[in-house]
Amino acid sequence: MTRRSEQLTPELHDYLVAHSAAPDAVLSQLAAETAAAFPDAAGMQIGPEQGTFMTLLTQLTGASRALEIGTFTGYSSICLARGLASGGKLTCCDVSEEWTSVARKYWGLAGVADRIDLQLRPAVETLRAMPASESFDIAFIDADKTGYVSYWDEVVPRIRPGGVILVDNTLSHGRVVEPDTADANVAGIRAFNDHAVADDRVVLVLLPIGDGLTLARKK
Ligand SMILES: C[S@@+](CC[C@H](N)C(=O)[O-])C[C@H]1O[C@@H](n2cnc3c(N)ncnc32)[C@H](O)[C@@H]1O
């Protein structure tokens, strides 16, 4: 028994991935195309075990309305869309026509295009333009890190009681605990982590999946 989360060596990480449900051919092809077409940006994509976790969580919550902030080439959106209940919808927010054109192609290949509504403009604008009645069962926040507190403040009121919010990169590659890091993205993540953990509308846990994944349940 241990009371600490395990540090994952590369070998242990490979073992973990090999002993989790594998991504299918569409997700594998999407990861390969993203790496080839956008080598400098491909690291933004979530990993296979996180994708499987997100599909399972979406299914387990019985979600039919989902929201994603930060879609890139579509990997995480496919994982969310595949977990939705029959007739479910996913609203995707991004600002890049180039990156989301790849997502559109793979939504078609994955057979989820009819479940997805892509909003191409800054996510805060999309959220603020939504009717007050718009509510979600699950949300995934994974866009610009300096915007996380704003996204959180817009998203929490739109999540139904018992609904779930996932927030990516909340360990900032370990830099959240490096005292002399002045990077704006790290500062944004630190500000977000402090903000969210103090929010008594939710109960949350920061999971060591990928680059840190915060899982919050709205009370
Ligand atoms: C980390 S990537 C998302 C990765 C994606 N979730 C995946 O797993 O493949 C961040 C995305 O946020 C988008 N983005 C950046 N600023 C944004 C903003 N103000 N509003 C909406 N999307 C934004 C970028 O265009 C980029 O596609």
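Tutor: We go through the labels one by one, from the whole chain to single residues.
This is a predicted model, in which local features need pLDDT of at least 70, side-chain atom pairs count only at pLDDT 80 or more, and totals for chains, interfaces and linings use all residues. Residues are numbered from 1 along each chain as its sequence is written, and side-chain values use heavy atoms, with hydrogens and water left out.

Student: What makes the protein chain as compact as a globular protein of its length?
Tutor: Start with its elements: eight helices and seven strands. These are DSSP runs, numbered from the N terminus (helices: H or I, at least four residues; strands: E, at least two). The radius of gyration is 17 Å, close to the 17 Å that the globule rule gives for 219 residues, so the chain is as compact as a globular protein of that length. The radius is taken over C-alpha atoms, and the rule is 2.2 Å times the number of residues to the power 0.38. Along the principal axes, the C-alpha atoms fill a box of roughly 45 × 40 × 35 Å.

Student: Why is helix H4 called mostly covered?
Tutor: Buried means under 20% relative accessible area, exposed over 50%, and partly exposed in between (1.4 Å probe, protein chains only). In H4 (residues 75–83), eight of the nine residues are buried. Among them are Tyr75, Ser76, Ile78 and Leu80. In the protein chain, 48% of the 219 residues count as buried.

Student: Why does Tyr15 count as exposed?
Tutor: Tyr15 has 51% relative accessibility, so it counts as exposed. Tyr15 sits in helix H1 (residues 10–18). With Leu8, Leu12 and Leu16, Tyr15 forms a nonpolar surface patch of about 340 Å² of accessible area.

Student: How do you know that Asn169 and Ser172 are buried?
Tutor: Asn169 has 14% relative accessibility, so it counts as buried. Ser172 has 5%, so Ser172 counts as buried too. Asn169 lies in the loop between strand E5 (159–168) and helix H8 (184–197). Ser172 is also placed between E5 and H8. Phi is positive in each: near 65° for Asn169 and near 45° for Ser172.

Student: Why is Asp153 called partly exposed?
Tutor: Its relative accessibility is 35%, so Asp153 counts as partly exposed. Asp153 belongs to helix H7 (residues 148–155). Asp153 and Ala196 are 43 residues apart in sequence and 9.3 Å apart in space, C-alpha to C-alpha.

Terms used. Patch = residues over 30% accessible without salt bridge, like charges linked within 9 Å, V, L, I, M, F, W, Y side chains within 5 Å. Areas by Shrake-Rupley, 256 points an atom, 1.4 Å probe, with all protein chains shown as cover. Salt bridge = Lys/Arg side-chain N within 4 Å of Asp/Glu carboxyl O.
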